[in-house]
Amino acid sequence: MAKKQIGRREFLISGGVAVGALAVVGVGVKYLDISHTGKQLRQDFLRPPGAINEIEFMYGCIKCGLCVQICPVQAIKLAGAHEGLSYGTPYIDVREQACDFSCDAMQCVETCPSAVLNFIPFKEAGLAAVEKATAGVVNLRNSDINPFEVQKVAMKETVRMGKAHVIKDTCLAHQRKGFKGISRGKDFEGIYRAPDSKVAWATPLKDKEFDREICNLCVTECPIGEKAIVFEPRKRDGKMRPRVLEGCTGCGVCVMVCPTEKPSIVVEPVKS
Amino acid sequence: MAFDLLKSGKNKPPLKPKPMEEMPHTKLGIKYKEWCNSHKTRHKWRNIRWAALIFMNLLFVVSFAFDLSILEGSLSGSRLIGFYLMDPFNALQVLATSSTTGYIVHLTMNFWIGLTTILLFWFFLGGRTYCSWMCPYHFLAENTEKLHNYFVKKKMIKEHSFHIGLRFVFWFGFLILAVVTQQLVFEDLNVVGITSRAMIYGPGLILFWVVGVLLFEIVYSKRFWCRYVCPIGTTWSLVGKLSPLTIRFELDKCGYCRDCQDVCLVPHELWFVQRGKATQKVHYTGSDCTRCGLCIDTCGGNALTYTIKGWGAVL
């Protein structure tokens with residue numbers, strides 16, 4: 001009996017310490033959470049396609065890294081411990097490796113088991129586009145509509161990771177400068193498949209040589225095309241310069257290919 | 001029948017200790033000490049287990065490194081040749097946080113399939129079997145434990161042990177924290193997930209936490225994380241309550257040397273090996289047992305064996 005009581009007393013003491021430790025952890029997490037909220041609103045992270053809003057993302061993401069694994073160009077990385085509570089969650093550093101839609105159909109979103117990358121909007125957009133394209137078509141086999149392609153394009157265009165915007169001070173086009181050569185140097189490792197999505201493989205950026213009278217790499221290399229970014233003359237003086245449109249998905253290929261030392265086009269993550 | 005299997009027999013009056021002539025070493029005609037040490041260098045199950053553990057964890061690493069679709073993801077959530085598997089405590093936390101926010105409806109079918117599959121799989125294999133046969137942190141801790149034992153033996157440090165119920169405090173505590181903070185709090189501290197991710201996706205600063213926990217286990221309390229904290233292990237031990245695969249103890253072959261309890265990660269599961277404690281001729285280990293096989297290797301009389309409960313006659 002005496003032994004049992006000691007056991008119970010020990011349990012109460014260690015249990016109390018444990019509860020205290022948990023409370024400290026809880027307060028710490030809550031503190032980080034609150035002090036982090038400002039950062040969250042600034043949205044330093046560009047999340048993978050289909051990410052639900054940042055706050056929900058944090059409590060849904062189980063940090064398994066399946067999205068990291070499935071990405072064919074390895075654009076997705078896991079955040080390190082210095083990111084505080086975001087440790088282990090996926091993000092895309094577009095300057096190093098942009099999401100170039102090499103997988104065609106949002107594989108990172110499809111693979112996510114906890115649905116913090118939510119596939120439903122993509123599925124719906126794809127189906128709607130196919131329905132629209134095939135409306136009135138009697139025999140699909142005889143028409144030149146490829147529903148698979150239609151679906152892929154629609155899903156791609158539904159992505160809203162962020163929105164690109166041009167930094168005029170450094171942009172070569174804004175200074176009426178051209179560009180000749182390899183845009184990010186011989187050692188740059190980034191790969192992409194854009195702009196022609198019918199190419200089977202993504203190729204290294206360092207293998208591509210450009211020669212432009214006025215630099216327009218961000219426009220020509222965009223995987224989405226003229227819905228996202230156009231190269232057009234400014235009304236005021238007829239200067240050609242890139243203009244980002246509403247269709248921009250925030251994939252960041254433009255940021256990756258931008259030849260200036262600091263990117264002259266950046267992707268602002270979407271605000272939730 | 002199932003209820004009978006669940007009973008440990010702990011509440012029954014103990015059997016009388018065996019007299020000297022019935023002890024296994026007298027039957028063999030050798031000295032007691034000689035008998036105890038007869039299997040000291042046998043490491044059959046340990047080697048098999050380590051090989052399996054390293055193989056499975058390497059499979060994760062290789063699948064990512066060479067882009068193979070064999071075992072993708074990490075121990076927090078993975079896909080085995082396309083089939084999803086979820087860490088159960090992670091899943092519980094997601095359920096806990098999502099129950100208050102309504103996020104629960106968004107969880108994918110893969111989430112539910114993964115959770116069910118993994119629960120069934122480890123249920124048949126014994127629940128906490130996950131710990132000793134899969135968990136990379138267990139592997140680290142098992143090896144650093146030797147350092148701890150050495151320090152204790154040299155009297156450089158004192159052994160500190162706690163009440164085994166402590167892990168339920170942590171288990172509920174982390175779930176409550178998940179609900180209160182709306183974050184998967186445990187996943188930030190989870191040395192299992194951290195070790196797994198570090199192996200697969202490359203190391204980071206967070207590894208200092210793992211080293212810190214290991215150091216605490218070495219200098220203060222033996223296997224502190226595994227025994228008293230880890231809610232993943234606790235979840236598995238709840239899952240394994242009725243598991244068929246377990247370890248069988250035969251009193252007739254036992255020499256009361258308690259070597260098995262010394263090597264055991266969860267010595268309270270081997271309560272029946274002590275002289276005069278066993279209440280039945282045959283005992284089975286309970287759900288905290290990790291089925292690591294260390295006791296099987298060390299036992300001089302082969303009194304402990306793997307078994308599938310309820311299938312004794314068939315096997």
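Student: Which residue just after α5(A) takes a positive phi?

Tutor: That residue is G136(A), with a phi of about 85°. Keep in mind that this is a predicted model.

Student: What span would be expected for helix α5 of chain A at 1.5 Å a residue?

Tutor: The expected value is 21 Å, and the helix, with 15 residues at 120-134, reaches 21 Å from its first C-alpha to its last.

Student: How do I read the overall form of chain B?

Tutor: Start with the inventory. Chain B has 16 helices and six strands. Its radius of gyration is 21 Å, close to the 20 Å from the globule rule for 315 residues, so chain B is as compact as a globular protein of that length. The C-alpha trace spans about 65 × 50 × 40 Å along the principal axes.

Student: Which domains does the assignment give for chain B?

Tutor: Domain 1 covers 18-37 + 240-308, and domain 2 covers 46-238. Their C-alpha centres lie 28 Å apart in chain B. In the contact between these domains, 18 residues of domain 1 meet 18 residues of domain 2. On the domain 1 side, β4 (245-250) and α16 (294-298) of chain B each supply at least two residues. That side has seven nonpolar, seven polar and four charged residues.

Student: How are two packed helices described?

Tutor: By the angle between their axes and the distance between the axes. Take α5(B) and α9(B): the angle is about 35°, and the axes are 8 Å apart. Their crossing is right-handed.

Student: Which residues of α5(B) and α9(B) make the contact?

Tutor: From α5(B) come L92(B), Q93(B), A96(B), T97(B) and T100(B), while α9(B) gives L175(B), A178(B) and V179(B). By class, this contact has five nonpolar residues, three polar and no charged.

Student: How many residues does each chain bring to the contact between chain A and chain B?

Tutor: Chain B brings 43 residues and chain A brings 35. Several elements of chain B each supply at least two residues to its side, including β1 (71-74), β2 (77-80), β3 (83-86), α5 (88-101) and α6 (109-125). The largest share of that side, seven residues, comes from α9(B). The side of chain B that touches chain A divides into 19 nonpolar, 19 polar and five charged residues.

Conventions:
Residues are numbered from 1 along each chain as its sequence is written. Chains are lettered from A and ligands numbered from 1 in the order in which they are written. This is a predicted model: local features need pLDDT of at least 70, side-chain atom pairs count only at pLDDT 80 or more; totals for chains, interfaces and linings use all residues. Two residues are in contact if their C-beta atoms, placed from the backbone, lie within 7 Å. Helices (H or I, at least four residues) and strands (E, at least two) are DSSP runs, numbered from the N terminus. Ala, Val, Leu, Ile, Met, Phe, Trp, Tyr, Cys and Pro count as nonpolar, Asp, Glu, Lys and Arg as charged, and the others, Gly among them, as polar. Domain bounds come from an automatic or database domain assignment. The expected span of a helix is 1.5 Å times one less than its number of residues. Axes are lines fitted to C-alpha atoms, for helices over the stretch in contact, and angles run from 0 to 180 degrees between N-to-C directions. A crossing is left-handed if the near helix is turned anticlockwise from the far one by less than a right angle, and right-handed if clockwise. The radius of gyration is taken over C-alpha atoms; the globule rule is 2.2 Å times the number of residues to the power 0.38.
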